[in-house]
Amino acid sequence: MNWGELKTSIQDYMETSFSVTSLTTFVTQAEEKIYNAVQFPSLRKNVIGNCSANNRYLQCPTDFLAAYSVAAIEANGQYHFLLNKDVNFIRESFPIPTGAGNTGLPYCYALFGPDFPNAPKKLVFMLGPTPDQNYQIELHYFYYPESITYNNIDGTTTWLSENFDTVLLYGGLSEAAVFMKAEPDQINYLNSKFQETLTLAKRLGEGLERQDQYRAGQVVDRVV
């Protein structure tokens, strides 16, 4: 389902014409709910950056929302996955950032917060211990994919609209019903359909895509 088809479907189901602005709001709100409710492996992002010697801070990508994993890579290619800690743990464990015994290969990280005033909208990692040399850092992270509403081009599709368009449709319909102040039974029905499709999406993203028959075996329904 592309953006043009999704707009038409929402208006047909609700038997109402909406402005493009309203339709965009319905769908982007639905997308945020879906992406925060289901962790689709297909929608993760992976980047490699660099930390520098004697600098314990590392800026996050601009679209970063949460980390799945952070790894420091040595010059020989060996990976060391870092432990997630609180800022206070790192400050207490390595109180003098570049002092003796406070530098080395990082083994932990913490989400420090925005880099004021240089980049107030960009989060920063604090590494511990402070890197003693330049290391590559591989970050596997959660982000919001580009919305299907981007640029309002009817032919636009996304991974979600191509692979699980029902959850996107019912999410948009649910938001549209609230906007219209529809009857409670209609709102409840659309919300229940959205939750139903969301459950199926979770089965795909957090179930089927995270296992195989070799380890988990085949799905077996009990025959009575």
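Guide: In α1, the residues Leu 6, Ser 9, Ile 10, Tyr 13 and Met 14 meet Leu 168, Leu 169, Tyr 170, Gly 172, Leu 173, Ala 176 and Ala 177 of α5, where contact means heavy atoms within 4.5 Å. By class, the residues of this contact are ten nonpolar, two polar and no charged; here Ala, Val, Leu, Ile, Met, Phe, Trp, Tyr, Cys and Pro count as nonpolar, Asp, Glu, Lys and Arg as charged, and the others, Gly among them, as polar. This is a predicted model, in which local features need pLDDT of at least 70 and side-chain atom pairs count only at pLDDT 80 or more, while totals for chains, interfaces and linings use all residues. Residues are numbered from 1 along each chain as its sequence is written, and side-chain values use heavy atoms, with hydrogens and water left out.

Helix α1 covers residues 3-14 and helix α5 residues 165-179, and their axes come within 10 Å and cross at roughly 50°. The axes are lines fitted to C-alpha atoms, for helices over the stretch in contact, and the angles run from 0 to 180 degrees between N-to-C directions. Helices (H or I, at least four residues) and strands (E, at least two) are DSSP runs, numbered from the N terminus. α1 and α5 are therefore oblique to each other, given that angles under 35 degrees count as roughly parallel, over 145 as roughly antiparallel, 65 to 115 as roughly perpendicular and the rest as oblique. The crossing of α1 and α5 is right-handed; a crossing is called right-handed if the near helix is turned clockwise from the far one by less than a right angle, and left-handed if anticlockwise.

Helix α5 also packs against helix α2 (residues 20-37), at an angle of about 125° and with the axes 8 Å apart, which makes α2 oblique to α5. This crossing of α2 and α5 is right-handed. On the α2 side the contact involves Ser 22, Phe 26, Val 27, Gln 29, Ala 30, Glu 31, Lys 33 and Ile 34, and on the α5 side Val 167, Leu 168, Gly 171, Gly 172, Glu 175, Ala 176 and Phe 179. The residues of this contact divide into eight nonpolar, four polar and three charged.

With helix α6 (residues 184-206), α5 has an axis approach within 8 Å and a crossing of roughly 155°, which makes α5 roughly antiparallel to α6. The crossing of α5 and α6 is left-handed. From α5, Thr 166, Val 167, Tyr 170, Gly 171, Leu 173, Ser 174, Ala 177 and Val 178 meet Ile 187, Leu 190, Asn 191, Lys 193, Phe 194, Thr 197 and Leu 198 of α6. That contact comprises nine nonpolar, five polar and one charged residue.

Six of the eight residues of β10 are buried, so that the strand is mostly covered; buried means under 20% relative accessible area, exposed over 50% and partly exposed in between, with a 1.4 Å probe and protein chains only.

Between β3 and β4, which run antiparallel, there are three bridges, and Ile 73 stands opposite Tyr 79 in β4. The hairpin of β3 and β4 has five residues between the strands, and in this hairpin Gly 77 takes a positive phi near 95°.

Finally, Tyr 150 lies in the loop between β10 and α4 (159-163), and at 43% relative accessibility Tyr 150 counts as partly exposed.

Technical notes. Two strands pair if DSSP finds at least two bridges between them.
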